[in-house]
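Hi there,

Here is the model I promised to pass on.

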Amino acid sequence: KIVQVALIKYSLFYNHLKNIEESEGGLDKFTKSYKTFGVNQLADGGIYCKEWAPGAEAVFLAGDFNGWNPFSHPYKKLEYGKWELLIPPEDGQSPVPHGSKLKVVIRAQNGALLYRISPWARYVVRDEDKVNYDWVHWNPPQSYIHKNPSPKRLKSLRIYESHVGIASPEGKVASYKNFTYNVLPRIKDLGYNCVQLMAIMEHAYYASFGYQVTSFFAASSRYGTPDDLKEMIDVAHSMGITVLLDVVHSHASKNSEDGLNQFDGTDSCFFHSGYRGTHQLWDSRLFDYANWEVLRFLLSNLRMWIEDYRFDGFRFDGVTSMLYHHHGIGTGFSGDYNEYFGLHVDEDALCYLMLANHMINTLHPECITIAEDVSGMPALCRPVAEGGGGFDYRLAMAIPDKWIQIIKELKDEDWNMGNIVHTLTNRRYEEKYIAYAESHDQALVGDKTLAFHLMDAEMYTNMSVLMPLTPVIDRGIQLHKMIRLITHALGGESYLNFMGNEFGHPEWLDFPRIGNNESYHYARRQFNLTEDDLLRYKFLNAFDRDMNKLEERFGWLASPQAYVSEKHEANKVIAFERAGLIFIFNFHPYQSYVDYRVVAFKYKILLDSDAGEYGGHQRLDHNTEYFSEEFPHNYRPNSIMVSKLFGRLFGVFLHAWVHCYTLTPANKLHL
């Protein structure tokens, strides 16, 4: 049945691709439509305009350039609902000056005149005294020129999930410039090799976190200009940092004045009409992926972000909503294959995703794509040629849910080692997963970060090194390190962290809105906390940095899945081998062990959560080398006695040969 479905999926994809080749002159030309649709400057200084508005009776261009005369510049009607307009140059100069405002004027079927922003607009801004965004023609005399090549395709990703607007301790909307010069060096220092940017596609409502997109081809102007973003990406590339865009093609804002909704005066155009065209939970519009012009729009959108801004790939948001007609609403996924194959699957959306990945892989094979899918759709991260979805990675979304569930519902002594290991290793064979202990989802208002779950109100009073180390803070700091490392080392083929969470950022995220009196207090990242030597945040920050640097040195994310040699329920110990390292975790809340036997050959400590620089208790000697003996243990011929394994401790050990290794767990030995 699975093979049959793969063949059917590939057949749908192939037919779409064949039609594009025959009707549009190839995928390359079809996906370059961002250079002809919208308003584009010609070499002679003239302006060429093109729109798709199948429900319009007439189309005009108005703006500062013609005194906002709604009828002086009519478009010519073409086939298939397209309209075009050519405005000749004036004395060799553009008739539409850079920085001038524009609107597409649609005469609807009922005779009404609708002033719209072009779906292909590259720059939109909002004046402080206005509610809606304005379309501004962006054609500067000298655009930013990229100076640095994109980094080579990474074998594994250490992703720093980021939001430009909150990337400052100050209570304001931060800028691209701030991110370029203040945040990128921090990301580099922490050992992350990839930054994933949220909320870049323009969105009228700041508090939507960027997920209610209004202008798909416009970089958000609230942070700066398009050139500022290009410079930011260029500087990241100079540091060897890959830059991914969090792209939202699963739905669109319902805004019509400054969004795609009802662009031509009808309920459809880019979207399904009626009930099918609205997401019942998100209150947003749903694309009609079977529509030829929607495919042109979305595929060209991806290509524009790659070629104009030099993004190195995408994290596709809301893939589960795209894949199924039920959008995942009120639906659980147990892994039964009937949940993935049937009439409830949106084949048009799936075919679009296959086309998108095929296009990216063909035209820009160095680019990376990630699927945010909670359902576990089989083969989503297998090549399109195999009938797969074509993504490189998928997010391991069960892992953060598991950690929150454990912390909220279980006492420390009731943690189930087998269940933790199962959640971290339960992934489809030869499909790559991005593991994470928490992302932006857990930081949003109404939820809590891991640090806040663990330490809660004591973070306000007891994070100073001048205060006694309380049991709550001690437990929180140790578990915060252990949870992140075991997720990093065991949970996938790449790793993700949301900005600030690496050092246990206090409180939550909440954007300015009516409900909080438009406050920016929670819409910021207090990086300054790590720079205060009197605060314990520096310990978590240092550990996160050294954890990433150790992975960079040994490459466990790009290595085969770990061999788990121990998951002892009574002792609360987990031990596993990956990339020539032995990881030992003692999750017992109070029990320490002396001469604890683990599988190993020879080892020395490389990373120890109990070290003083990480806020630990310094109970292990890092100068000692341990040698194994021919003593069978956990189905391995050699093992070793770890002299001390303290409670709530983990350790990472380097062994000399890829044979067996024995570790003596020191309770919660932090690797």
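Is Gln262 buried, partly exposed or exposed? Gln262 counts as partly exposed because its relative accessibility is 32%; buried means under 20% relative accessible area, exposed over 50%, and partly exposed in between, with a 1.4 Å probe and protein chains only.

A word on the ground rules. This is a predicted model, in which local features need pLDDT of at least 70, side-chain atom pairs count only at pLDDT 80 or more, and totals for chains, interfaces and linings use all residues. Residues are numbered from 1 along each chain as its sequence is written, and side-chain values use heavy atoms, with hydrogens and water left out.

Back to the loops. Gln262 sits between β14 (242-247) and β15 (278-279), and has a positive phi of about 55° although it is not a glycine. Gln618 also has a positive phi, near 55°, and belongs to the loop between β26 (602-608) and β27 (626-627). Gln618 counts as exposed, at 62% relative accessibility. Strands here are DSSP runs of E with at least two residues, helices are runs of H or I with at least four, and both are numbered from the N terminus.

Next, the helix packing. Helix α8 (residues 398-409) packs against helix α12 (residues 471-490) at an angle of about 150°, with the axes 12 Å apart; axes are lines fitted to C-alpha atoms over the stretch in contact, and angles run from 0 to 180 degrees between N-to-C directions. Ile399, Trp403 and Ile407 of α8 meet Ile483, Ile486 and Thr487 of α12, where contact means heavy atoms within 4.5 Å.

On its other packing, α12 meets helix α13 (residues 537-554) at about 20°, with axes 11 Å apart, so α12 and α13 are roughly parallel. The residues in contact include His480, Lys481 and Arg484 of α12 and Asp544 and Glu551 of α13.

Finally, have a look at His440, which lies in helix α10 (residues 440-443). His440 is buried, because its relative accessible area is 3%. The His440 side chain makes a polar contact with the side chain of Glu161 at 2.7 Å (a pair of N or O atoms within 3.5 Å; within protein, one must be able to donate a hydrogen and the other to accept it, and residues adjacent in sequence count only if both atoms are side-chain atoms).

Best wishes

Terms used
Parallel < 35°, antiparallel > 145°, perpendicular 65-115°, else oblique.
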